[in-house]
Amino acid sequence: MAENMVQTARAAFQTGKTKSVEFREKQLRGLLKLFEENTSTIVDVLAQDLHKSKQEVVILEMEMLIYDLKYMLDNLQDWAKPDRPSKTFPNWLDSLSIIKEPYGVVLIIGAWNYPFLLSLGPFIGAIAAGNCVILKPSEISSSSAKFMVDTLPKYLDNECYQVYYGGPAETTELLQHKFDYIFFTGSASIGKLVHAAANKYLTPTTLELGGKSPVYIDASANIEVVAKRLLWGKWINAGQTCIAPDYILCSKEVEKKFLAVAKNILKDWYKDNPKESPDFCRIINDKHFQRLSNLIKSGSIGIGGKTDPKDRFIEVTVLVDVKPTDAIMQEEIFGPILPIVSVNDAYEAIKFINEKDKPLAMYIFSNKKKDVRLILNNTSSGGVCVNDVIMHFAVPSLPFGGVGNSGMGSYHGKQSFDTFTHKRSCLYKNLGLLGEKLCSGRYPPYSASKISI
Ligand code: NAD
């Protein structure tokens, strides 16, 4: 099956139909129509997979994709045109261009936590750039994946764009084949396997991975605003977000204020029994529930701490007195647990962050510009957001991606088009005699008078 799909996509690419910008625009409009006609089904399948509320589906999956589609449609004609770079003296009679070529057949492998956003986000970029695509959504969010298998073919060219359903074994089989570009979203351990498989054919690869994204809060920040923004970013999707704030670094004084304010906000949002709240997601499966139930044993409970295995429910939980050596500080949490590690100042925070792998995101809450600059200048991360969390992801002009262990390459907005585009440099020489004279200095016999140093 994998072989047939790749062959079909390659044959479709070779017909040249995806080279037409109008063809690509038609496919992007098809995806827009898919969203218009299937909103309630998408809300239903995400409720089945993750108990996601309608509001989270709309603002964190659908609206972002719809915006992306419209942004692509508005700009595609312009982006697809060749760039005309500036000329140097020896080229003044020639023409220079950078031609925007699609790579060919692209494989996109998605993760389960935002099944639509993380599969269709890169998919939109690959279509816009003129590639054929095999999309492999995560089998773990199975209702969403099955929806994509059944529904995408109704809105798109069936030879150029195909959806492959499967888990590790099927994906391993798929990766035996030659692709022209691979875009992977998921964990670093599987990212390494994907990268190794891509290496066989020297296939260029984007790896969108995860990691422990730190939050530094200093005493100058308005703790009410900090707590609201931070708690929202941590508890959307029950913490199962690649750029979720993973842990807090702050002083004991800030911790005390944060806990008092956070308790009130959480009570206001999820009432006395958060398990009954329709707004709170569930852990994706038993394996992750067990993993998180072990991590919750680190430090001591500051807020929350209740769990229910039958429902895979984990209450919003803040842990205090957490030591850097505790289990929760050794891996990406990817769940609704937020540990606080005490530091005295920005210097200690920088040292702590730099002892770990480069994170996907970093968050700094401070009113002191000097301290913010200090942290920015002395750390590295895929992206950074000052005085908020998550929101940098939603800015289309900011490329999104990791660095080091949190990934390589980036996408979003124009960067999505660029990621899936080979920039082919073209020097178009003039064959006239004047042009020939201009470059005749390169021919033998060589002499000192023909070189400048
Ligand atoms: P995962 O690595 O387990 O799975 C990702 C994809 O790889 C899935 O489609 C899965 O079917 C496939 N896969 C799993 N095992 C495989 C194998 N042995 N061989 C080939 N393919 C295999 O990741 P996940 O659990 O779906 O997602 C969680 C991780 O992804 C977290 O680390 C999170 O931070 C990261 N993530 C990153 C981003 C980002 O944009 N950077 C977004 C979401 C999630």
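**Cavities and a sheet in a predicted model**

Q: How many nonpolar, polar and charged residues are in the lining of the largest cavity?
A: Classes first: Ala, Val, Leu, Ile, Met, Phe, Trp, Tyr, Cys and Pro count as nonpolar, Asp, Glu, Lys and Arg as charged, and the others, Gly among them, as polar. The model is predicted; local features need pLDDT of at least 70, side-chain atom pairs pLDDT 80 or more, while totals for chains, interfaces and linings use all residues. Residues are numbered from 1 along each chain, and side-chain values use heavy atoms, without hydrogens and water. The lining has 10 nonpolar, 1 polar and no charged residues.

Q: Which elements give two or more residues to the lining of the largest cavity?
A: A cavity is a set of points on a 1 Å grid over the protein atoms alone where a 1.4 Å probe fits but cannot get out; lining residues have an atom within 4 Å of a point. Among those lining the largest cavity are L60, M64, L117 and L118. Helices are DSSP runs of H or I, at least four residues, and strands are E runs of at least two, numbered from the N terminus. The elements are α3 (54-80) and α4 (117-128).

Q: How many charged residues does the lining of the second largest cavity have?
A: K234, D246 and E332 are among its lining residues. The lining also has 5 nonpolar and 3 polar residues. The charged count is 3.

Q: What is the bridge partner of F184 in β6?
A: Two strands pair if DSSP finds at least two bridges between them. β5 (181-185) and β6 (205-208) pair in the parallel sense over 4 bridges. In β6, the partner of F184 is L207.

Conventions: 1 Å grid on protein atoms, 1.4 Å probe; cavity = no way out; pocket = protein on both sides within 12 Å on 5 of 7 lines; lining within 4 Å.
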